[in-house]
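Welcome! Let's walk through this structure together, one question at a time.

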Amino acid sequence: MSMQPADKMEADDRLRQIPFDVEAEQALLGAILINNDAFERVASFLAPEHFHEPLHQRIFEAIGRVVRKGQLASPVTLRPFFSLDAAMKEVGGADYLAEIVRHSPSVINAADYGRMIFDLAQRRELIRVGEDIVNVAYDPPIDLSPAEQIEEAEKQLYQIAEKSRFGGGFRSFKSAVTGAIEVAERAYQSPSHITGVPTGFFDLDNLLGGLQKSDLIILAARPGMGKTSFATNLAFHAAREWMRTGGEAGARVAFFSLEMSAEQLATRILAEQAEVSGSKIRRGKIEERDMQSLIRVSTELEQLPLFIDDTGGLSIAQVAARCRRLKRAGGLGMIVVDYLQLLTGTASKKSENRVQEVTEITKGLKTLAKELAVPLIALSQLSRSVDARDDKRPVLADLRESGSIEQDADIVMFIFREAYYLETKEPSMDDPVEYQKWREKMDRIHGLSDILVEKHRHGPTAKITLRFEKQFTRFFDLAREDALPAQNG
C-alpha cells in the first residue's frame with residue numbers, strides 16, 4: 001500500500017530530531033571551568049534553560065552561583081554541588097567535570113559556542129510554540145476563540161523574537177553617545193531640524209522636537225474641545241510626510257478609534273483636507289464643487305499609510321498584538337489610541353477597581369511605546385471638576401484616574417478653547433455695555449485654541465496657540481510675524 005501524504009508527514013516527524021548539540025554544551029562548560037572569564041562573555045544572553053541536557057543546565061547554574069560570589073568555579077569547587085546528583089553519577093560522577101575540561105577547545109571560542117546553544121534553544125522554543133498551536137487548534141478549550149488563540153500565538157512568537165536579539169543589557173557610554181550624535185546629525189541635516197515625527201505645527205515641533213520614539217503622549221480635553229480632531233490632524237500629517245518623503249520623514253500610523261467608526265474617521269480627514277464641512281457631508285448638503293474637491297482629495301489619500309482599527313472594547317493586550325503585527329508586516333512609526341478610558345485591562349484587573357485597571361493600561365501603553373520604539377498618543381478624558389470651576393483651564397489633577405496617567409506619561413497636553421465656554425455666557429442685549437464687552441472678547445478669541453503642554457519630561461512646558469476651524473475640524477498654525485512678508489513704506 002502506498003503511503004498517504006498525512007502518513008508520510010507523521011513518519012517524517014518521527015525521523016526528525018529535536019535540535020540540540022551536547023558536544024557544544026560540553027565545550028562551553030569546559031571552557032568556562034578552564035577560565036571563568038568565559039562565563040562573563042555568555043552570561044548576558046545565556047541562561048541555564050538554554051541548555052538541552054538537564055545536567056548541563058544544573059552545571060551552568062552552579063557555575064553562575066559560584067562566580068557571582070566572587071569565587072573560582074572549577075571541577076574541584078563544583079564537586080560538592082553534585083555529590084548526590086544521580087544524573088552526574090550515571091556519567092561518571094564528579095570526574096565528568098574534569099572530563100569536559102580535558103576535551104574543551106580554546107576559551108576564545110566560548111562566545112561562539114554560547115550563541116550556538118542559544119540559537120538551538122530558540123529553535124526548540126519555536127517547535128514547542130508550533131506544537132502548542134496545533135494541539136490547541138485540534139482540541140481547544142470551550143472558552144477560547146480562534147482570535148484569542150491567534151493573539152496568544154503572536155504574543156509567544158513576539159517574545160521569542162525579542163529574546164533572540166543579542167546586545168541586550170548594558171551599553172557602554174561610548175555607544176550611547178554615538179547613538180545620540182547620530183540622532184542629532186539626522187535632525188541637523190533634515191529641513192525641519194527635528195528629531196522625532198513632525199506634528200505639522202511649527203511651534204509645537206519647536207518645543208517638542210517632534211514626537212519622540214518611545215514616548216507616551218497624553219492628549220486630554222473636555223468634550224467639544226477637539227481632541228479627536230487634533231489627533232487626526234497629527235496622524236494625517238505624519239502619514240502624509242511618510243508618503244511624500246518616501247519614508248525619510250513622518251511615520252506609518254496605527255489609529256485605534258474605539259468610539260468612532262473607520263468611515264466616520266475617514267470622513268473627518270476628508271473634510272479637513274478638502275475643507276468641506278463635515279456636517280454638510282453627513283446631511284448630504286454638499287454642492288458640485290464640494291464633491292469635486294472630495295473626490296480629488298480622496299484620490300490623493302488612497303495610498304496614505306494610515307491604518308484604522310475601529311474595533312470597540314479592545315484590551316491593552318489586543319492593541320499590543322495588532323501593533324506588533326503591523327510593525328512586522330510593513331513597519332510602524334506612530335500609534336494613536338482614541339481614547340484611553342475605552343480600553344480594557346486583563347480579566348484579573350477588571351475584578352478590581354477601575355483605577356487599578358487604568359494603571360495597568362497606562363503602564364501597558366508606555367511599555368508598548370518603548371518596545372516598538374514609536375511615539376504613542378493616547379487621548380484621555382478630563383474629570384467634570386473642570387466645568388465646576390470659574391477658571392476652565394485644565395490642570396494635571398483633572399485627568400480621570402490621574403495618578404498613573406500623569407506618572408507614566410512623558411508628555412501631557414491639554415486642549416483648551418476659551419470661546420467654547422464664553423459662548424455660553426452671552427449676556428442679554430438689554431445690557432449693551434456688557435454685551436459689547438462680551439462681543440469684543442469673542443471677536444478676539446474666536447477660532448483660537450490653546451495647546452497647553454503641562455508635562456514635558458524632556459524640556460520646558462508652554463502654551464501654544466493654534467487656529468481651529470470647527471466646521472472642517474482642522475487646526476492650523478497662527479500666522480507668525482517673522483513669516484509675514486515685509487511691508488513697504
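Q: Is Ala-373 buried, partly exposed or exposed?
A: Buried stands for under 20% relative accessible area, exposed for over 50%, and partly exposed for what lies in between, with a 1.4 Å probe and protein chains only as cover. The relative accessible area of Ala-373 is 33%. Because of that value, Ala-373 counts as partly exposed.

Q: Where does Ala-373 lie, and what is its phi near?
A: This is a predicted model, in which local features need pLDDT of at least 70, side-chain atom pairs count only at pLDDT 80 or more, and totals for chains, interfaces and linings use all residues. Residues are numbered from 1 along each chain as its sequence is written, and side-chain values use heavy atoms, leaving out hydrogens and water. Ala-373 belongs to the loop between α18 (354–372) and β5 (376–381); helices (H or I, at least four residues) and strands (E, at least two) are DSSP runs numbered from the N terminus. Its phi is positive, in a residue other than glycine, and near 55°.

Q: Which loop holds Ser-214, whose phi is positive?
A: Ser-214 is a residue other than glycine with a phi near 75°. Its place is the loop between α11 (202–208) and β1 (216–221).

Q: How many bridges join β7 to β8?
A: Two strands pair if DSSP finds at least two bridges between them. Strand β7 (residues 448–456) and strand β8 (residues 462–469) run antiparallel, and a hairpin of 5 residues connects them. Leu-448 has Arg-467 of β8 as its bridge partner. The number of bridges joining the two strands is 6.

Q: Which residue of β9 is the bridge partner of Arg-467?
A: β8 also pairs with strand β9 (residues 474–477), in the antiparallel sense and over 4 bridges. Their hairpin has 4 residues between the strands, and Thr-473 there takes a positive phi near 45°. The bridge partner of Arg-467 in β9 is Phe-476.

Q: How far from the ring centre of Phe-476 is Arg-467?
A: A charge sits over a ring if NZ of Lys or CZ of Arg is within 6 Å of the ring centre and within 35 degrees of the ring normal. Another such case is Arg-252, whose charged end sits over the ring of Trp-242 at 5.7 Å from its centre. Arg-467 lies over the face of Phe-476, and its distance from the ring centre is 4.6 Å.

Q: Why does the pair of Phe-39 and Phe-60 tie together separate parts, and how many residues apart are they in sequence?
A: Rings of Phe, Tyr and Trp (its six-membered ring) pair if their centres lie within 6.5 Å, with planes under 30 degrees apart called stacked, over 60 edge-to-face and the rest tilted. The structure holds 6 aromatic pairs, and Phe-39 with Phe-60 is a tilted one, at 5.4 Å centre to centre and 40° between the planes. Phe-39 lies in helix α3 (residues 37–42) and Phe-60 in helix α4 (residues 54–68), so the pair joins parts whose separation in sequence is 21 residues.

Q: What is the angle between the planes of Phe-45 and Phe-118?
A: Both Phe-45 and Phe-118 are buried. Their rings form an edge-to-face pair, 5.9 Å centre to centre, and the angle between the planes is 85°.
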